[in-house]
Amino acid sequence: MIFYSLQETLLLAAAAIVIDWIIGDPKWPTHPVIWIGRLIRVLEKRLRGKEEGRDAARVKGTGIILTIVTLSASFGIMWAVTAAAAWIHPWLGYAVSAWFISTTIAVKGLKDAAMLVYRPLAAGNLEDARKFVGYIVGRDTANLTPPEASRAAVETVAENTVDAFVSPILFAILGGAPLAMLYRATNTLDSMVGYRNDNYVNFGWCSARTDDALNYIPARLTGLLLTLAAFLNGGMSAARSWASVRRFARYHPSPNSGIPESAVAGALGIELGGLNYYFGQPSERARMGWPIRAMEPFDIVRSVRLLYTVSILMMAGVLGLWLLLR
């Protein structure tokens, strides 16, 4: 980023982590991801039009335009906002940048969403647990058993340790709030159009591949951090976590998601993945980890502990690098 040195972006990233730990996702003003989502829907409607008769290459071409425009707008607007704030006053620039970086991460938000599932499960209220699982996953939830509801929450926390924390922090370090927001826009594109179904397999191809590329290195760093986090948390196995990554991650359809999921599964001694239902249709996902014991609701709490430990390790790394550069 042209405004700040690496030392400054490191401190901005550290400040953003603290803001997220304390405040979490802002309720007001409107979260930037909501605006990005609205932009994507408007662009999708305009770009797709009538696709009858278009071949796959042309549909992919319109999807590439969607990706380029969305990422350019997200980066450019964030660049303009932070530049204006820094022009008004340097400390305002720091504050605005740290705040917007904090909106690209979601450690507290992930914890809150996971605990919404855990609390009713622990109390034996499966109906409420299913309802809250439906807030965080796309699979059918009406017939989930308690272990399946627990698995859904643990998988969400594990996968999003990359998407909602490690990746945006790394991009914030490299390019401040504009690059962190570009990453968040990429992730939002993938969540909205990056499906492999008939409707999006071609139109969302570029969005999905871009998300895979940007998460490639952060996902592998997350695997290492989760292994270290397992070592630092009692009752978890770092050796099994790393062995699980090496054994199972390759079987996941995503080049990245299998790494954090298999790491968490190995650390906890449980199995993630398996049979899910989408719109009533069964879908068998790659199974991660060894089922040394049965899944239980408290595994949700354990996965959140791993998430927070990773965030503490990242904070220590950020501050340690800042001290080395002084």
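Biologist: Let's start with R48 and E44: are these two buried or exposed?

Modeller: Buried means under 20% relative accessible area, exposed over 50%, and partly exposed in between (1.4 Å probe, protein chains only). R48 is buried, and E44 is too. Before we go on, this is a predicted model, where local features need pLDDT of at least 70 and side-chain atom pairs count only at pLDDT 80 or more, while totals for chains, interfaces and linings use all residues. Residues are numbered from 1 along each chain as its sequence is written, and side-chain values use heavy atoms, with hydrogens and water left out.

Biologist: How far apart are the closest N and O atoms of R48 and E44?

Modeller: Side chains of opposite charge can pair when their charged atoms come close. The cut-off for a salt bridge is a side-chain nitrogen of Lys or Arg within 4 Å of a carboxyl oxygen of Asp or Glu. R48 and E44 make one, with those atoms 3.4 Å apart. Both sit in helix α2 (residues 32-48), 4 residues apart, or about one turn of the helix. Helices here are DSSP runs (H or I, at least four residues), as are strands (E, at least two), numbered from the N terminus.

Biologist: Over which ring does the charged end of R48 sit?

Modeller: The test for that is NZ of Lys or CZ of Arg within 6 Å of the ring centre and within 35 degrees of the ring normal. The charged end of R48 sits over F203, 4.4 Å from the ring centre. R38 does this with W35, at 4.7 Å from the centre.

Biologist: How many salt bridges does the structure hold, then?

Modeller: There are 14 of them. Take R302: its bridge to E296 has the closest N and O atoms 2.8 Å apart, and its bridge to D299 has them 2.9 Å apart. D299 and R302 share helix α11, 3 residues apart, about one turn. D299 is buried because its relative accessible area is 0%, whereas E296, at 30%, counts as partly exposed. Elsewhere, bridges with shared partners join R139, R151, E155, E261 and R285 into one network.

Biologist: On to rings: how many aromatic pairs does the structure hold?

Modeller: It has 7. For Phe, Tyr and Trp (its six-membered ring), centres must lie within 6.5 Å; planes under 30 degrees apart are stacked, over 60 edge-to-face, and the rest tilted. Y118 and F298 have centres 6.2 Å apart and planes at 70°, so they go down as edge-to-face. Y118 is in helix α5 (residues 107-122) and F298 in helix α11, so this pair ties together parts 180 residues apart in sequence. Y118 is buried at 17%, while F298 is partly exposed at 28%.

Biologist: Why is the pair of F248 and W290 edge-to-face?

Modeller: Because their planes meet at 70°, with the centres 4.9 Å apart. This pair links distant parts of the chain, 42 residues apart: F248 in helix α9 (residues 238-248) and W290 in the loop between β2 (281-288) and α11. F248 is buried at 8%, whereas W290 is partly exposed at 32%. Separately, Y4, W91 and Y94 form one aromatic cluster.

Biologist: Where does L6 lie, and why is L6 called partly exposed?

Modeller: L6 lies in helix α1 (residues 6-22), and it's called partly exposed because its relative accessible area is 40%.
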